[in-house]
Amino acid sequence: MFEYLKGIISYKKLDYIALDVGGIGYKIFISLRTYEKLNTNSETKFFIFNYIKEDEYKLIGFLEERERNLFEMLLSVKGIGMSLALSIMSSFDCETIRTLILEGDYVTLKNVPKLGEKKAQQIILDLKSKIKKIDFVSIEQSLNINVNYEIEDELIMALEGLGYNKKDIDKIIDKNKIKSYKNIQEAIKDTLKNLQIK
């Protein structure tokens, strides 16, 4: 069992990174919001959630302990697995999730792909009393990201990873607006922001 791992990020994908710890590469799954903050070849510490099932063992990494706490709370809700919990945390930051739960705003919460109204309501029902006790306010980390792929292609991959189909993606992505983005992290942040507003 790992409490945390600290090492060099060898490479990163939209859903996981390879962390080199003393010459051993650990595959660590991450949310899209975590991906935005990471630099390859930089030393980074991840708080680890050990996801253990009968047929699988995966490491889920978070830059802040509060994120891991929230992830664990989401997993405690019936019907919420690893992928869906990460999708929720990719769609909203911790403070927004906390606010949505406390205000009972399942309408906004259900916009997460594959979540749906019933599961959104179940999250609110199960976590409303528990989440009051946790302070999710934190200092935002701002890290530069080296972009190695075309912005549009990577943005499409990100949205597909969140569960959107091609038809939905065509509606979400503004081809003209993409030209104004300086890098992929700016494109992802703006797209996630617009999805929250909708």
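1. Helix α2 passes helix α6 in a right-handed crossing. This is a predicted model, so please read the geometry here as computed from it. The two helices, α2 at residues 65-75 and α6 at residues 116-131, pack at an angle of about 140° with their axes 10 Å apart. Angles over 145 degrees would count as roughly antiparallel; α2 and α6 are therefore oblique to each other.

2. Who makes the contact between these helices? On the α2 side you will find Leu70, Met73 and Leu74, and α6 brings Ile123, Leu127, Lys130 and Ile131. By class, the residues of this contact divide into 6 nonpolar, no polar and 1 charged. As a reminder, an α-helix has 3.6 residues a turn, so residues three or four places apart point the same way.

3. Is asparagine 50 buried or exposed? Its relative accessibility is 16%, and because buried means under 20%, asparagine 50 counts as buried.

4. What surrounds asparagine 50? Leaving aside residues up to four places away in sequence, asparagine 50 touches Met1, Phe2, Tyr57, Lys58 and Leu59. With phenylalanine 2 there is also a polar approach: a polar atom of the asparagine 50 side chain lies 2.9 Å from the backbone oxygen of phenylalanine 2.

Note on methods: Residues numbered from 1 in each chain as written. Predicted model: local features only at pLDDT ≥ 70, side-chain atom pairs only at ≥ 80, totals over all residues. Heavy atoms only, no water. Buried < 20%, exposed > 50% of the residue type's maximum accessible area, 1.4 Å probe, protein only. Polar contact = N/O pair within 3.5 Å; in protein donor to acceptor, adjacent residues only side chain to side chain. Contact = heavy atoms within 4.5 Å. Axes fitted to C-alpha atoms, helices over the stretch in contact; angles between N-to-C directions. Helix = DSSP H or I, 4+ residues; strand = E, 2+ residues; numbered from the N terminus. Parallel < 35°, antiparallel > 145°, perpendicular 65-115°, else oblique. Left-handed = near helix turned anticlockwise from the far one by under 90°. Nonpolar A, V, L, I, M, F, W, Y, C, P; charged D, E, K, R; others polar.
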